[in-house]
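Dear colleague,

Please find below the structure that I am handing over to you.

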Amino acid sequence: PGHGAPIILATLRASADLAAGSFRSAANLDRFGRNYLAQSEQVRRLIGDSPEARAAAERLIASPATSGVGAAARDGDATTHLIVVDRHGNIANFNYTDATLPNHAAPGRRPWSTTAPIVVLEGGRPVLTLGLPGGARIPSGLAQVLADHLLFRRPLAAAIADTRVHWIGTEGPGPGRFEAENTLPAETAAELRKMGWEVDTR
């Protein structure tokens, strides 16, 4: 089942009271990341299949063909994502992944999907559409852009262009692993490590 959008919405609801200032402050990234991981687990419990199906889906989502921002598409590995708005404001979201992949929708199967084409409404009218590639990083990427833009009123282009981060739950004592592009300030990374995160910048 598509779990990207429920994770994003639940995380945004749980994070409505982030501290004023910058979304990418260490305190806000810590709080948002903990909310993201908690909501991800909740959504997985609510819509997931058996542990075996979940493990297979996670392996697929994490495969080189479907993960990593900016990964080059090869024949059979591409995802098509199209958003169209007509002159009346009607929006169509279309997302299609190669039917030969084992996670593709088929009768009797429940594919696990992180795709989450987003349409933001204001007063019942569409004002924003978002979507991005990235496999398992789609929900976290969209969630942070939406939080930065909607909760902190940052211009959309700036929210999209800023340092992308991703949170991964772990079995250890800390909150989890925090992955970020290498533009994350060193002082922010140091503060997150003090909060218990295993920080990996690349």
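**Aromatic residues in the interior**

Y36 is buried, and W167 is buried as well, where buried means under 20% relative accessible area, exposed over 50% and partly exposed in between, with a 1.4 Å probe and protein chains only. F32 and W167 are likewise both buried.

Please note that this is a predicted model, in which local features need pLDDT of at least 70 and side-chain atom pairs count only at pLDDT 80 or more, while totals for chains, interfaces and linings use all residues. Residues are numbered from 1 along each chain as its sequence is written, and side-chain values use heavy atoms, with hydrogens and water left out.

A pair of aromatic rings is described by the distance of the centres and the angle of the planes. Rings of Phe, Tyr and Trp (for Trp, the six-membered ring) pair if their centres lie within 6.5 Å; planes under 30 degrees apart count as stacked, over 60 as edge-to-face and the rest as tilted. By this rule there are six aromatic pairs. F32 and W167 form a tilted pair, at 5.6 Å centre to centre and with 50° between the planes. This pair links distant parts of the chain, as F32 is in helix α2 (residues 26-47) and W167 is in strand β5 (residues 165-168), 135 residues apart. Y36 and W167 also form a tilted pair, at 5.6 Å centre to centre with 40° between the planes. Here too distant parts of the chain are linked: Y36 belongs to helix α2 and W167 to strand β5, 131 residues apart. Ring pairs join F23, F32, Y36, F152, W167, F178 and W197 into a cluster.

**The sheet that contains β5**

Three strands form an open sheet in the order β5-β6-β7, with mixed pairing; two strands pair if DSSP finds at least two bridges between them. Strands β5 and β7 (198-201) stand at the edges with a single partner strand each, so one side of each has no neighbour in the sheet. Neighbouring strands of this sheet are turned by 20° against each other on average, direction ignored. Strand β5 and strand β6 (residues 177-180) run antiparallel and are joined by four bridges. Opposite H166 stands E179 in β6.

Helix α1 (residues 4-14) packs against helix α4 (residues 138-151) at an angle of about 35°, with the axes 9 Å apart. Axes are lines fitted to C-alpha atoms, for helices over the stretch in contact, and angles run from 0 to 180 degrees between N-to-C directions. The contact (heavy atoms within 4.5 Å) is made by G4, I7, I8 and L12 of α1 and by P139, L142, A143, L146, A147 and L151 of α4.

R153 lies in the loop between α4 and α5 (156-161). Although R153 is not a glycine, its phi is positive, at about 55°. R153 is exposed, with a relative accessible area of 67%.

**The chain as a whole**

The chain has six helices and seven strands; helices (H or I, at least four residues) and strands (E, at least two) are DSSP runs, numbered from the N terminus. Starting at the N terminus, the elements run α-α-α-β-β-β-β-α-α-β-β-α-β. Of the 202 residues in the chain, 36% are buried. Among contacts with a separation of 6 or more, 49% are between residues 24 or more positions apart.

Yours sincerely
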